There are 2 protein chains.
Amino acid sequence: MSTISLTLDEIHDLARAVMLANGCDTANADALADIVTRAERDGSHSHGLFRIPGYVKALRSGKVDGKAQPVVTRRTAAIVHVDGGGCFAPMAQAAGLPVLAEAAAEVGVAALSLTNIHHFAALWPETEYLADRGLVGIACTAYMPMVAPAGSTQKLFGTNPISFAWPRPGKPPVCYDMATAAMAMGDVQIAARDGKSVPLGTGLDAEGNATTDPAKIAEGVLLPFGGYKGSAIALMVELLAAGLTGEAFSFEAAERDNHDGGPPRGGEMVIALSPALIAGDGWEDHVEAFMDRLTGLEGVRVPGARRHENRQDTGPRQINRALVETIRGLS
Amino acid sequence: MSTISLTLDEIHDLARAVMLANGCDTANADALADIVTRAERDGSHSHGLFRIPGYVKALRSGKVDGKAQPVVTRRTAAIVHVDGGGCFAPMAQAAGLPVLAEAAAEVGVAALSLTNIHHFAALWPETEYLADRGLVGIACTAYMPMVAPAGSTQKLFGTNPISFAWPRPGKPPVCYDMATAAMAMGDVQIAARDGKSVPLGTGLDAEGNATTDPAKIAEGVLLPFGGYKGSAIALMVELLAAGLTGEAFSFEAAERDNHDGGPPRGGEMVIALSPALIAGDGWEDHVEAFMDRLTGLEGVRVPGARRHENRQDTGPRQINRALVETIRGLS
């Protein structure tokens with residue numbers, strides 16, 4: 001694969017320029033360029049520049065408003081709402097997360113519902129934001145239907161990611177961000193392209209039969225990770241991200257979307273909890289004694305550790321040349 | 001299996017009498033008899049009378065205080081704490097859940113931490129209590145270490161159950177309650193007794209090798225459900241139930257326990273959210289449209305439906321005769 005070496009600043013500038021060229025104001029362009037740059041910095045390539053063509057499609061079709069001004073409302077001491085006004089999610093998060101963190105620090109637990117947004121990024125930036133402020137973070141969002149509930153052969157759930165972060169003062173947080181599908185559809189498509197098989201349980205073919213052939217799964221449905229139990233987690237995500245925000249369930253997002261290739265309109269739920277107010281003094285040492293046990297086990301890595309290791313490297317990143325040229329062509 | 005037919009009242013009286021005979025005051029005996037009776041009513045036999053010998057052991061060893069008076073503190077508008085004073089969990093829940101529900105109805109989200117309790121029951125009574133009041137409920141607790149984190153061969157996590165309930169006005173809630181272990185150790189032991197194999201991924205033998213032989217898993221470790229992703233959920237439960245309450249992690253619970261065969265001291269975290277305050281008007285119809293899609297899929301059952309079907313039967317239950325005689329012998 002031919003690559004181009006870009007510094008993190010150059011990645012930011014590239015993302016910012018293409019967003020400005022496609023109708024974003026500076027605030028929206030900065031929020032998006034920031035999230036894209038952080039993804040590339042941490043090695044989350046599938047959520048970095050790779051997403052830019054989709055973002056541009058959504059701006060050009062008019063589905064997303066690149067000049068949206070999200071409206072933040074603190075409805076109660078513990079409830080924050082952001083109406084994104086049709087923006088990409090990072091703009092709405094930038095507006096809502098500081099208010100959420102303030103509320104959780106004041107009353108111990110708070111919830112942020114984001115509506116009228118278009119989520120196409122990772123979820124760990126939200127939960128890590130909270131963990132960096134000494135708070136526990138839980139975030140989830142729904143998406144287009146791709147996953148059949150356990151027992152069924154018909155898709156209803158999105159890949160429905162959930163992210164969780166636990167603060168570790170002086171250390172990177174425990175932080176994971178995972179689809180509740182057994183495998184991301186993108187990885188299934190890559191396996192199909194490369195002629196590889198995927199584990200049984202990844203998905204079903206168009207007739208509803210279990211298969212290890214990724215090409216057949218791409219025409220069928222994904223399955224939740226972990227059978228019935230994983231399906232229960234995917235259901236919780238669907239209910240929290242859509243039922244509790246009042247925004248679109250995955251099936252509604254698909255029905256309403258203009259299918260321009262960009263992210264559909266949807267919602268996101270973020271919950272923040274304060275160990276300082278709930279567990280009280282000494283919570284850090286108590287948890288670190290557990291983390292010592294966990295990290296002392298052979299074969300175990302702290303979720304998020306690889307991202308934080310990648311982050312230590314402030315040097316240039318090697319980016320797919322064709323992708324960079326595509327993005328430059330969109331300006 | 002020889003059984004005895006007992007009405008629900010007789011089950012309640014049997015449980016109550018044995019608790020009173022072993023040092024409980026009426027409030028503690030009633031709370032426990034109530035939770036045991038509801039388990040038998042709903043067909044959750046493993047959390048019903050089956051648990052009584054373990055409860056009695058914990059009372060007789062002095063580990064659990066059958067006359068404990070839990071102390072409820074509303075620390076902030078959104079945080080409720082119950083110090084159980086060494087009681088069985090149902091007594092502390094009976095004290096804390098009404099205050100949690102009140103807080104969530106007022107400010108939209110609230111968290112209840114329970115400490116100094118001994119949890120030996122199902123978690124669905126807590127979340128269903130909240131759903132019956134129009135609230136979303138999430139509950140989790142840690143336990144003795146039995147489960148190896150993904151990638152490891154050493155046990156560190158408890159079976160770490162998580163329960164989730166979503167309110168459905170006029171209908172039974174969506175409500176599940178599941179171990180984050182691939183299989184409960186009790187079921188592994190039953191499979192070993194019956195000479196059956198278990199699915200690969202259930203656990204490891206004492207040398208850390210994957211096996212389908214339940215007898216070898218009983219001497220080794222359980223695995224989380226769903227590989228790395230299920231392990232991440234089990235880790236979240238451990239951190240919420242112990243790190244966020246300030247109570248014992250599973251490994252601490254084991255180190256501190258007197259190994260009398262009853263439940264160790266531990267903590268529980270319960271979170272309640274108000275769809276009325278977060279999603280706002282119309283949330284019920286919005287979610288029911290999704291539930292119609294879900295229940296319209298062939299092969300899909302609403303989590304909790306079987307329990308609610310069992311509940312419709314108000315007649316007597318067939319209880320293992322040897323168990324009833326054992327319990328009567330404990331009075």
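1. A term to start with: two strands pair if DSSP finds at least two bridges between them. Keep that in mind while looking at chain B, where strand β3 (residues 79–88) and β4(B) pair in the parallel sense over seven bridges. To see one place along this pair, find Phe88(B), which stands opposite His118(B) in β4(B).

2. A word on what you are looking at. This is a predicted model, and its scores are ipTM 0.97 and pTM 0.97. For chain A the average pLDDT is 96, and 100% of the residues score at least 70.

3. Now widen the view to the sheet of chain B. Seven strands form an open sheet here, in the order β2-β3-β4-β10-β5-β6-β7, and the pairing is mixed. Which strands are at the edges of chain B's sheet? They are β2 (71–74) and β7 of chain B, each of which pairs on one side only. Direction ignored, neighbouring strands in this sheet are turned by 10° against each other on average. Helix α8(B) packs on the sheet, where it touches β5 (136–141), β6 and β10 (265–273) of chain B. The direction of α8(B) makes about 100° with that of β10(B).

4. Turn to chain A, which has an open sheet of seven strands with mixed pairing, in the order β2-β3-β4-β10-β5-β6-β7. Its edge strands are β2 (71–74) and β7 (171–178) of chain A, each pairing on one side only. For an antiparallel pair, look at β5 (residues 136–141) and β6 (residues 162–168) of chain A, which are joined over four bridges. Within that pair, Gly137(A) has Ala165(A) of β6(A) as its bridge partner.

5. Helix α5 (residues 124–131) of chain A lies across β5, β6, β7 and β10 of chain A, running at about 20° to β6(A).

6. Helix α4(A) also meets another helix. The axes of α2 (residues 26–41) and α4 (residues 89–107) of chain A come within 8 Å and cross at roughly 95°. Angles of 65 to 115 degrees count as roughly perpendicular, so α2(A) is roughly perpendicular to α4(A). On the α2(A) side, the contact is made by Ala27(A), Asn28(A), Ala31(A), Leu32(A), Asp34(A) and Ile35(A), while α4(A) brings Pro90(A), Met91(A) and Ala94(A). Sorted by class, this contact has seven nonpolar, one polar and one charged residues.

7. Finally, the contact between the chains. It takes 52 residues from chain B and 52 residues from chain A. Several elements of chain B each supply at least two residues of the side touching chain A, among them β4 (109–118), β6 (162–166) and α11 (283–295). The largest share, seven residues, comes from α8(B). By class, this side of chain B has 34 nonpolar, 14 polar and four charged residues.

Definitions and conventions: Residues are numbered from 1 along each chain as its sequence is written. Chains are lettered from A and ligands numbered from 1 in the order in which they are written. This is a predicted model: local features need pLDDT of at least 70, side-chain atom pairs count only at pLDDT 80 or more; totals for chains, interfaces and linings use all residues. Axes are lines fitted to C-alpha atoms, for helices over the stretch in contact, and angles run from 0 to 180 degrees between N-to-C directions. Angles under 35 degrees count as roughly parallel, over 145 as roughly antiparallel, 65 to 115 as roughly perpendicular and the rest as oblique. Two residues are in contact if their C-beta atoms, placed from the backbone, lie within 7 Å. Ala, Val, Leu, Ile, Met, Phe, Trp, Tyr, Cys and Pro count as nonpolar, Asp, Glu, Lys and Arg as charged, and the others, Gly among them, as polar. pLDDT is the predictor's confidence in each residue, from 0 to 100.
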